[in-house]
Amino acid sequence: MSLNLRLKDLAYGCVAKRTDNYGCAAGIPLKISLDGRQLKDRDFVSIAEHLYDAVFEAVSSSGGVGILDVHAERNRCGDAGVKALCDVLISLRQSQVATVRALFLFENEIGDQGTEDIASLIRECAIPGDEHLWLEEAHLSHNQITHAGALCLMETAHACHYPRMGVAPLWLRLEENGVNMNALARHMPAHCKSKKRGDRASGGRNVKSGECGVARCCQDTPPP
């Protein structure tokens, strides 16, 4: 079997229904599983050519909008690979086939150019009136992102008016990159500096008032 055919099979085989319904009150919980395969940029480019049809097929069999958890962590994905992945995810959102709830890209080789494509995905998912379909989590630790890339993501989220009241904020992880967090903090709103993030492991991911968590901003009414 040729490499391209194997990657096509992987594209169709990696899409499946999630076993949980977290964050999917208004859609079909789906998971893209490409994690831990040592996939390189060229592999992601090849997979992306078939991923739209694979997700469309999974959604069509159930009806409704797909809510994707995209697992592509622990690979060798760089900027070209993440662009190919984000482009197809954006196409899925624009055609109202599926949206991305969580993006797992930690332990890869993504740099600042790649963060621009992730920022584009954040913008395309952030359609006013469809706040329940916005991106909620972006796990980007252990990559090659610098201050410029981190600032690009933060400014994009701010321009899209995160956090959304009554809906999960954007949970952005950037540790173990080339980011000076003290310098980055100067660009952060005061309500984003809380060191308390609540109990992420709890079933509903609830937190106490005044604490931050995956599903809740530390302030009920954060300043603009």
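Q: Where does Ala-102 sit?
A: In this predicted model, Ala-102 belongs to strand S4, residues 98-104.

Q: Buried or exposed?
A: Buried. Ala-102 has a relative accessibility of 0%.

Q: What does Ala-102 touch, leaving aside neighbours within four places in sequence?
A: Ala-102 is in contact with Leu-68, Asp-69 and Val-70, and also with Leu-135 and Glu-137.

Q: How many residues lie between Ala-102 and Glu-137 along the chain, and what separates their C-alpha atoms?
A: They are 35 residues apart in sequence. Their C-alpha atoms are separated by 4.5 Å.

Q: Switching to the whole chain. How many helices and strands?
A: The chain has 6 helices and 6 strands. Starting at the N terminus, the order is α-β-β-α-β-α-β-α-β-α-β-α.

Q: What share of the chain is buried?
A: 49% of the 224 residues count as buried.

Q: And what share of the contacts with a separation of 6 or more comes from residues 24 or more positions apart?
A: Such pairs account for 79% of those contacts.

Q: Now helices. How do H2 and H3 pack?
A: H2 covers residues 41-60 and H3 covers residues 79-94. The angle between them is about 10 degrees, and their axes are 7 Å apart. Angles under 35 degrees count as roughly parallel, so H2 and H3 are roughly parallel to each other.

Q: Which residues meet there?
A: From H2, Asp-41, Phe-44, Val-45, Ala-48, Leu-51, Tyr-52 and Val-55. From H3, Asp-79, Ala-80, Gly-81, Ala-84, Leu-85, Val-88, Ser-91 and Leu-92.

Q: How do the residues of that contact divide, nonpolar, polar and charged?
A: The H2 contact with H3 has 11 nonpolar, 2 polar and 2 charged residues.

Q: What about H1? Which residues are buried there?
A: Leu-7, Leu-10 and Ala-11 are buried in H1, which runs over residues 3-13. Seen down the axis of H1, the buried residues fall within an arc of 100 degrees, so they line one face of the helix.

Q: What do the buried residues of H1 pack against?
A: They pack against strand S1, residues 15-17, and against H2.

Q: Last topic, cysteines. How many disulfides?
A: A search of the whole structure gives 0 disulfides.

Q: How accessible is Cys-86? And Cys-152?
A: Cys-86 counts as buried, at 1% relative accessibility. Cys-152 is partly exposed, with a relative accessible area of 22%.

Definitions and conventions:
Residues numbered from 1 in each chain as written. Predicted model: local features only at pLDDT ≥ 70, side-chain atom pairs only at ≥ 80, totals over all residues. Heavy atoms only, no water. Axes fitted to C-alpha atoms, helices over the stretch in contact; angles between N-to-C directions. Helix = DSSP H or I, 4+ residues; strand = E, 2+ residues; numbered from the N terminus. Parallel < 35°, antiparallel > 145°, perpendicular 65-115°, else oblique. Contact = heavy atoms within 4.5 Å. Nonpolar A, V, L, I, M, F, W, Y, C, P; charged D, E, K, R; others polar. Buried < 20%, exposed > 50% of the residue type's maximum accessible area, 1.4 Å probe, protein only. Arc of directions from axis to C-beta. Disulfide = S-S within 2.5 Å.
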